[in-house]
Amino acid sequence: MPEIPVFDHDAVLSAVTPLEAIERVRDGFVRHASREWEMPAKVYLQAPPNGDFRAMPARGSGLAILKWVTSFPVNPERGLPAVMGVICVSSEEDGRPLALIDARAVSALRTGAVAAIAAQELARENAATAGIIGCGVFGAWAARCLAAAEYGPGVCFDPDPDRAGALAGELGWEAGSREDALECDIVTCVTPGHEPVIHSSDLRPGLHLTMLGADGPGKAEAAVDAVARCRAFCDEWEQASHGGELTGAIEAGLLTQADVTELGEVLTGMSPGRGSDEEVTLFDSTGLAIQDLAICHAVLGADSVKPATVRL
């Protein structure tokens, strides 16, 4: 039986820098929008009352992947990560298994990367400062990728001030209040999504919001009336309309598909992005398998990391 490489959490983060993650994920969005890469719908397997499992396939540029990943928000109370899993990588040509890759590290990189890409495409041209609301694992990687894209200085807010302070210290940013973070040009929210952290009264002309936390049914980081006041963008309509930040406004009849632009269409020039410096833009990220595929290409192409192996 063949041996295949296994890239654990540390190997993935050693193989791919934030800047390369941004470039790779950007390319993945373009290839998907151009129909070069294929991505069936994400499948949810509920595991009540604690969380769910997700199966996410994608194929393109020689690779096919299946990401099997968890979302168990209660896990940190047990000393476990909320997100765990594995990505199985196969040859698109003949189906051979090529690698097993840690899903948590890939998720962190691609989530951070899309925060930077959304800011580059949808924020005002002169936007500079970055606010982070929620400084857990994925908020930290969003901040690192924004910093790699030369946004900053920034403000980090988290209910845990030590966590906000540690991230701010790492990046040379400041720890502050939610209101301090909202004063920045670009605000990225990475909270569990159990209750809104953005309200209509928080909106001001020229603000760009990236919402990363509401990644499933019933979650929202922004109040419905706040979402309805923004120029809306998303990673992929089918996912966002059923289990993302936009869902509440869609169900209330305040947004339709015609009101929402996919990020890939902006990147390829198929649709315009921000219309003016005064618009308030909101990007809803639900997490796509094509983003994971993009990072997997980077991991397998890295020369600097020697993975472990497993015999099938």
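In strand β8, valine 155 is the bridge partner of glycine 131. Valine 155 also stands opposite glutamate 174 in β9. Helices (H or I, at least four residues) and strands (E, at least two) are DSSP runs, numbered from the N terminus.

This is a predicted model, where local features need pLDDT of at least 70, side-chain atom pairs count only at pLDDT 80 or more, and totals for chains, interfaces and linings use all residues. Residues are numbered from 1 along each chain as its sequence is written, and side-chain values use heavy atoms, with hydrogens and water left out.

Two strands pair if DSSP finds at least two bridges between them. The pairings of β8 (residues 154-157) are these.

| Pair | Sense | Bridges |
|---|---|---|
| β7 (residues 130-133) and β8 | parallel | 4 bridges |
| β8 and β9 (residues 174-175) | parallel | 2 bridges |

β7, α4 (residues 137-148) and β8 form a right-handed β-α-β unit. β8, α5 (residues 161-171) and β9 form a right-handed β-α-β unit too. Right-handed means that, with the strands pointing away from the viewer, the path from the first strand over the helix to the second runs clockwise.

Now α4 itself. Its buried residues (under 20% relative accessible area, 1.4 Å probe, protein chains only) include Phe138, Trp141 and Leu146. The buried residues of α4 pack against elements including α3 (103-122), β7 and α5; contact means heavy atoms within 4.5 Å. Just after α4, glutamate 150 takes a positive phi of about 70 degrees.

Elsewhere, aspartate 292 lies in helix α11 (residues 289-301). Aspartate 292 counts as buried because its relative accessibility is 0%.

Definitions and conventions. Buried < 20%, exposed > 50% of the residue type's maximum accessible area, 1.4 Å probe, protein only.
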